[in-house]
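Here is a walk through a structure, taken one element at a time. Keep the sequence and the 3D view open as you read.

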Amino acid sequence: MEGPAARPHRRRIAAAMGVGGAVAVALALALARAPFELEVAAPPAADVPSAPVAALTAGPASRTEAPRPEAAGVAGAATAAPLPPGIDAAGWRRLEAEMAGRADGAAELARIRAFLLFSDDVRRLRTLNAAADAAGGRASLVPALHDEARILARRIVEALATHVQQREVTAAEAALLHAAAASWLEATPAALDARLAAWSTQQAERASDRAREAQPARDAEARFLAEQQRVVTAWQALPAATREPARLAAELDALRARHFGAPLSSPSPAPPHAPPTGGPR
Amino acid sequence: MNPLNLLRRLAPLPAPTRAALATIASLAAALAAPSAIAGYFQWETVELPADSGAACGNGTPYRFFVNRAPGTRDLVLVYEGGGACWDQEACLGRGPLSAANPDGIPPDYLMQLNSALFGNVTPFSGRNSPFQAVQTQAWNVVFLPYCTGDVHSGSAVRVYDDSDPANPRVQYHRGQANVRAAAAWLRADLGQPRKLLATGFSAGGVGSTTTYTLVREALEPTGAATLLADSGPLMSAPRGSAPEQSPSIRLHETIRPAWGLDEPGGLVTQFAALPGFDAQDLGTIGPALARRWPEDRFGYLVFRSDTNFSAFSYEKFYDDISGAPNAFVRRQRLFQRWEPDIQSWLALLGAQPNVAWHVAGFRNFNDSHCLTVIDFSGTGIQELGIADIGGFVDAQLDRGTPTRAFETDQSDDYRQPLSWGIRLVKLLLRLFD
């Protein structure tokens, strides 16, 4: 089944497939190197190249911060610092202005800058992953691109703990990032396996630490659950004809209000300590 | 005239709905007050108060997660998937066809590797996917976890004691209240968004569909609004139809009373006055949405070889599937129902010009369930020259031509290579298992 609307799209796809490999290679390189600038910030749209990647040439995986057109910093900030990737000058100025009134403004700007640099590293590694997939495997990449990928991978692994600690990266995201980066750093599948296994063990240990930290919250919920069970058991003991589901729901809501009445909006609790990101090399 | 305005004029709101609106107003006011919010690019936990009606399945507080980006008003809502339940064992999370997160959502849910693991990793639910870029990674991101067993759609409290009467399970099927209260919080805290994308996978695909109007009306985006429902099709199953004609009828007849869909304030009553909606057929929700919001885009994704959602749809209702002598026969019997259900579903949706779909064949990952999980590799339709769903997603968001692609030849899918990303996740799943 295919509706008429599908046909123009198919034509576009066919046209795109006719574009020469050299153009795609150039695109891949441009995507990998250029600082991405969206309206404001953060990772980009599609950056998947398709090319005979052996033709790619690589340069150093240098940071892609752009020179600042002007300095306008928060007090205490490094006002001469270059613009981080993923944000234009106007966007960064607005951010600086927003942070100017905050006591922790300079630290926040530094954190955001570090995150944008990290995101840019991830974006560039993603581009190289896609290039390798498109080429049919990493063996098709020229050595210089392998070198670039390894530099990026090391930087990502080193920075990951901090970004998890700061709740910028979730645990599952961290697992993927760590695996993606580690896959460039280990020479054999067995070594990668061992590294990821060690990492997963360390994560399990961390989970135990966190479980201990979260115990008070769990205790509070356990008290609620015990009371709730008593309410439900009593309701069940009533003759079937007199059990009113709406009444039970109201009673349970009242119980919930007593236990969980106050709303909470807060950052997630930070992990007790930085997650391990290393592992056997 | 706005059909929902007409609804409000013609039908006085039932008492529970009035109470819910009052609660939302107070909730919004309470939560508009300054709070200890996280910085840009940091995940913030929001716990909804009990008086909002929001709850996880076991009665503990519903929590969701917000990650803001500077200088943008664009917003993506990601609805988590994770099965469904209408009996005690499944609501306790036991067995292959059960519901996720039976013990609720802890404040550090996103920092856990056990429960959240890879279920929440779609390219839409974070900013730093190492495998897949999407434009919403630069937007404000909201992650709506799933803990109610009702595909984010229920409005009922039930006591299940069918497997262990001495220890009944209270189940708060409060998906609608959770999304409603979260939307109110978002409107009060983040303000009116510009672009809006509601997306979800599996149960989240259903939930993003059933709560689309609720969210759309609460947030009132000033720009393009889009639904991208992945692998959560609301099949057509008119009441009174035979299972041979509408294989999902038994599922629908089970969940409607279990989740309170027909009760005051329930899903069906909310859609009741929408043109194109037939209260006798939940499958008409999709077309009714498209008619209600003609400027919006509605994109649906599914695999023809999905053996997960199809199992939830049929296995507990058809003995020939649950009693199949082997896995091959079981698959065949699932697909004997899944295929006609997909055809009926698309036929209903196809009348609306702002609906698009991408029905691919098979992906050697996660039982061919969910096209947006991890990355988009393996979602292509080779016979149409479509490499993956990336173009579909962009066309939905950028208002390109709505495409309707259906893969007829599935043999190519068994030869398509998986990305490094998927292969690594398979490895990780083995390690974390």
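Start with a disulfide. The torsion about the S-S bond of B:Cys85 and B:Cys91 is about 90°, so this disulfide is right-handed. The two sulfur atoms sit 2.0 Å apart. Keep in mind that the model is predicted; every value here is computed from it.

Are these two cysteines buried or exposed? B:Cys85 has a relative accessibility of 0%, so it counts as buried. B:Cys91 is buried because its relative accessible area is 1%, and the cut-off for buried is under 20%.

How many disulfides does the structure hold over all chains? There are two. The other pair is B:Cys56 with B:Cys147, and their sulfur atoms are 2.1 Å apart. Here the torsion about the S-S bond is about -85°, so the disulfide is left-handed. B:Cys56 lies in the loop between β1 (43–47) and β2 (63–67) of chain B. B:Cys147 lies in the loop between β4 (140–144) and β5 (156–160) of chain B. The pair therefore ties together parts that are 91 residues apart in sequence. Both B:Cys56 and B:Cys147 are buried.

Now put the bonded cysteines of chain B in sequence order and number them. The pairing reads 1-4, 2-3. B:Cys370 is left out, being in no disulfide. The nearest cysteine sulfur to B:Cys370 belongs to B:Cys85, and it is 18 Å away. B:Cys370 has a relative accessibility of 3%, so it too counts as buried.

Step back to chain B as a whole. It has 14 helices and 11 strands. Of its 433 residues, 66% count as buried. Take the contacts in chain B between residues at least 6 apart in sequence: 74% of them join residues at least 24 apart. The accessible surface of chain B is about 13500 Å², and carbon and sulfur atoms account for 53% of it.

Next, pick out strand β7 of chain B, residues 196–201. Six of its six residues are buried, so the strand is largely enclosed by the rest of the structure. In a regular strand the side chains alternate between the two faces of the sheet. That gives two sides to check. On one side are B:Leu196, B:Ala198 and B:Gly200. On the other are B:Leu197, B:Thr199 and B:Phe201. Both faces of β7(B) are covered, with these residues all buried.

Which strands does β7(B) pair with? One is strand β3 of chain B, residues 75–79, joined to β7(B) by five bridges. These two strands run parallel. Within this pairing, B:Val76 stands opposite B:Leu197. Another is strand β8 of chain B, residues 225–230, joined to β7(B) by six bridges. This pair also runs parallel. Here B:Phe201 stands opposite B:Asp230 in β8(B).

To cross to the other chain, find B:Asn128. It is in the loop between α3 (88–91) and β4 of chain B. Its relative accessibility is 1%, so B:Asn128 counts as buried. What does its side chain contact in chain A? It makes a polar contact with the side chain of A:Ser119, at 2.8 Å.

Along the sequence the pattern is α-α-α-α-α-α-α-α-α-β. Chain A has 281 residues, and 44% of them are buried. Among its contacts with a separation of 6 or more, 73% come from residues 24 or more positions apart. The accessible surface of chain A is about 12500 Å². Carbon and sulfur atoms make up 61% of that surface.

Finish at helix α6 of chain A, residues 171–185. At 1.5 Å a residue, its 15 residues should span 21 Å. The end C-alpha atoms are 21 Å apart, which agrees. An α-helix has 3.6 residues a turn, so residues three or four places apart point the same way. Is this helix buried on one side or enclosed? Count the residues: 15 of the 15 in α6(A) are buried, so the helix is largely enclosed by the rest of the structure.

Definitions and conventions. Residues numbered from 1 in each chain as written. Chains lettered and ligands numbered in written order. Predicted model: local features only at pLDDT ≥ 70, side-chain atom pairs only at ≥ 80, totals over all residues. Heavy atoms only, no water. Helix = DSSP H or I, 4+ residues; strand = E, 2+ residues; numbered from the N terminus. Buried < 20%, exposed > 50% of the residue type's maximum accessible area, 1.4 Å probe, protein only. Contact = heavy atoms within 4.5 Å. Areas by Shrake-Rupley, 256 points an atom, 1.4 Å probe, with all protein chains shown as cover. Expected span 1.5 Å × (residues − 1). Disulfide = S-S within 2.5 Å. Polar contact = N/O pair within 3.5 Å; in protein donor to acceptor, adjacent residues only side chain to side chain. Pairing = 2+ DSSP bridges.
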